[in-house]
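The entries follow in the order in which I made them.

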There are 2 protein chains.
Amino acid sequence: MKRSLVGSTNVFYSNRHACQTMGMASSHSRVTSHQNVIRSQVTPSFYIMFKIPKHQVAGHQAIDGNLGPLVDDSGRFYKPLQDDERGTTELAFYRSFSSKLPHHIRGFFPVFYGTQLVEASDGSGLRPHLVLQDITSNHLNPSILDVKIGSRTWSPEASEDYIQKALEGDRLTTTVTLGFRISGLQIYESKESGYWKPARKEVKSFSADDVRLVLRKFVSSNLEPEPDCCFASTIYGGCSGILEQLLELKAWFEDQTVYHFHSCSLLLLIDKESVLNGRTVPFVEVKLIDFAHTVEAEGVIDHNFLGGLCSFIKFVSEVLTDSKVSTIQASFN
Amino acid sequence: MKRSLVGSTNVFYSNRHACQTMGMASSHSRVTSHQNVIRSQVTPSFYIMFKIPKHQVAGHQAIDGNLGPLVDDSGRFYKPLQDDERGTTELAFYRSFSSKLPHHIRGFFPVFYGTQLVEASDGSGLRPHLVLQDITSNHLNPSILDVKIGSRTWSPEASEDYIQKALEGDRLTTTVTLGFRISGLQIYESKESGYWKPARKEVKSFSADDVRLVLRKFVSSNLEPEPDCCFASTIYGGCSGILEQLLELKAWFEDQTVYHFHSCSLLLLIDKESVLNGRTVPFVEVKLIDFAHTVEAEGVIDHNFLGGLCSFIKFVSEVLTDSKVSTIQASFN
């Protein structure tokens, strides 16, 4: 579910018959893959046109012959299943979650449509992909924050090698100190400037103050010299704003003993243009993504995710409070 | 602030003049130390009689010539200041906390009376001690749980050696999996049986199910064969019960950005005899102790403590809920 800003028009074609649910691939399957085709072509009705996501901000990307997720024009997102335990774990999660979660929480997860054999973006041939809702598909210029929640991204059951590697990453980023880290972002500025999308290396080295600044920029009409936070009350506040949704998630995490979501991300997606145009249809989306390290909770709440979520909530609520104070001060001047 | 069940009557005498606030030691100081004196002696009025705490359940103990905390007869607890950074950190915490915490939260911390030079229990001579409230002093037969809160007991600023050692301990106990670990306990059974106080090694190897069992035994009139949880509604429940107090702490931790309490313990102290006798004076105490690794929060909530606290709250509330269900079922039989 990771999105990229890479504005590539690379397309991949797969025969629709080849995109069966795993284990049901048609014997008539016929797949044509055209990597790095720049211009879109007229596509026969039985072909699905796969594209590299325009709004991926973190994770593996399907560029330069690498394996990564693809999207189609119908609002579906195809995430390659990893070969190892991560793939099995993520598939098991998607297969089970809807029956295990209360109704009001299911909306925080992308819709799962099953799995399909799809021509992999690295040219390695047919590969099973998770077929998920493409959260960005309804948005023209989405600003996106990918926030990996938890002060620990490793499961106690992981291999020693993995734990050491993850722990190192956790200590080098804000994961340990803040209980979360920003994994990637893009913030829409304007038609002229496009997006602000700092390089991964820069994002990785974010300090607590950088995180605060990003959260202010995320809800501002300007990024420089000083973000105005003019959308804070609409996007972070309000009865369907981000804060309210995070608090709903928090209440669930205080009680749920179904899953422990290691290395899982909160994806915040907003559409500032929709806010400006007064559109009331969802301009704020809060989703949980990435479940390759999600394990059963065995009767214990996910205290690691919950603590990190509470920390993130505090950061968001501080931006909201500060923006209210600024508004009040401005009204007195 | 760690208490021991060791029923020793070892006494230490210090001239009251020697027990000045640090840096103000009288030039007339004269100290007599009698380690391992079994019988109490008539004490001159200017001597303080120090004893080994009867109800210490975790931490260093002042037995067998080791350095450990002492108590006196006036309800004060003398904790030796550690020589290294831990001592400095804990002293700094106690000197600052009352001015930094809201009034309703201060009661969760032991009263701090300053520091005194006291004859150390290991016979090494005068040593600065923190002078604190002896929480057990008003209780005849206290049942005590010492619960180290947080899925991480190390501060990111600690030395690499300390981090590796602490991490190993966290992974070998329930700290990582549950977000807390029981560090020590004693549960009063009866005049005849005394206390159930499992050995440290046993406590260290507790599983999630062992923790559940301990929390049931803690509020039961019997420990075997199946704890009856007959005090659960009075001790865990009710408007001044443990759960209510923990929720008050939780609300504060969701907001406070003053301290990060690494390796800090929740001390739960109850007096089942008081409950039986219908005494309304506090028979339930919830305190935070051990601040040798407490650091400034730098504007970030203590997500590590908060997550662990929420996990512990869930464990306690499950015992309470189960006991209510049992009561309802019994009323139908």
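Entry 1. I began with one pair in chain A of this predicted model: Asp73(A) and Lys51(A) form a salt bridge through their side chains, at 2.5 Å from N to O. I noted that the pair links distant parts of the chain, 22 residues apart. Asp73(A) lies in the loop between β3 (70-71) and β4 (76-80), whereas Lys51(A) belongs to strand β2 (residues 47-51). I then looked up accessibility: Asp73(A) is exposed because its relative accessibility is 55%, and Lys51(A), at 25%, counts as partly exposed.

Entry 2. I turned to a pair that crosses between chains. Glu160(A) and Arg171(B) meet in a salt bridge, with N to O at 2.8 Å. Glu160(A) sits in helix α3 (residues 160-172) of chain A, and Arg171(B) in helix α3 (residues 160-172) of chain B. I recorded Glu160(A) as partly exposed, at 41% relative accessibility, and Arg171(B) as partly exposed, at 31%. I also found a salt bridge between Glu160(B) and Arg171(A), the closest N and O atoms being 2.8 Å apart.

Entry 3. Is Lys217(A) buried or exposed? With a relative accessible area of 8%, Lys217(A) is buried, since the cut-off for that class is under 20%. Its salt-bridge partner is Glu224(A), with the closest N and O atoms 3.6 Å apart. Glu224(A) itself is exposed, at 55%. I noted as well one network, in which salt bridges that share partners join Lys250(A), Glu254(A), Lys250(B) and Glu254(B). Over all chains, I have a count of 30 salt bridges.

Entry 4. I next examined the interface as a whole. How many residues of chain B are in contact with chain A? I found 32 residues of chain B in contact with 32 residues of chain A. The two chains bury about 2300 Å² between them, and 57% of this is on carbon and sulfur atoms. In chain B, the residues that lose the most area to chain A are Arg171(B), His303(B) and Lys314(B), together 24% of what that side buries.

Entry 5. Six salt bridges are found across it, and 16 residue pairs are in polar contact. On the side of chain B that touches chain A, the elements giving two or more residues are α3, α4 (175-178) and α10 (303-332). α10(B) gives the most, with nine residues. By class, I recorded eleven nonpolar, eleven polar and ten charged residues on that side of chain B.

Definitions and conventions
Residues numbered from 1 in each chain as written. Chains lettered and ligands numbered in written order. Predicted model: local features only at pLDDT ≥ 70, side-chain atom pairs only at ≥ 80, totals over all residues. Heavy atoms only, no water. Salt bridge = Lys/Arg side-chain N within 4 Å of Asp/Glu carboxyl O. Helix = DSSP H or I, 4+ residues; strand = E, 2+ residues; numbered from the N terminus. Buried < 20%, exposed > 50% of the residue type's maximum accessible area, 1.4 Å probe, protein only. Contact = heavy atoms within 4.5 Å. Buried area = accessible area lost by both parts, 1.4 Å probe. Polar contact = N/O pair within 3.5 Å; in protein donor to acceptor, adjacent residues only side chain to side chain. Nonpolar A, V, L, I, M, F, W, Y, C, P; charged D, E, K, R; others polar.
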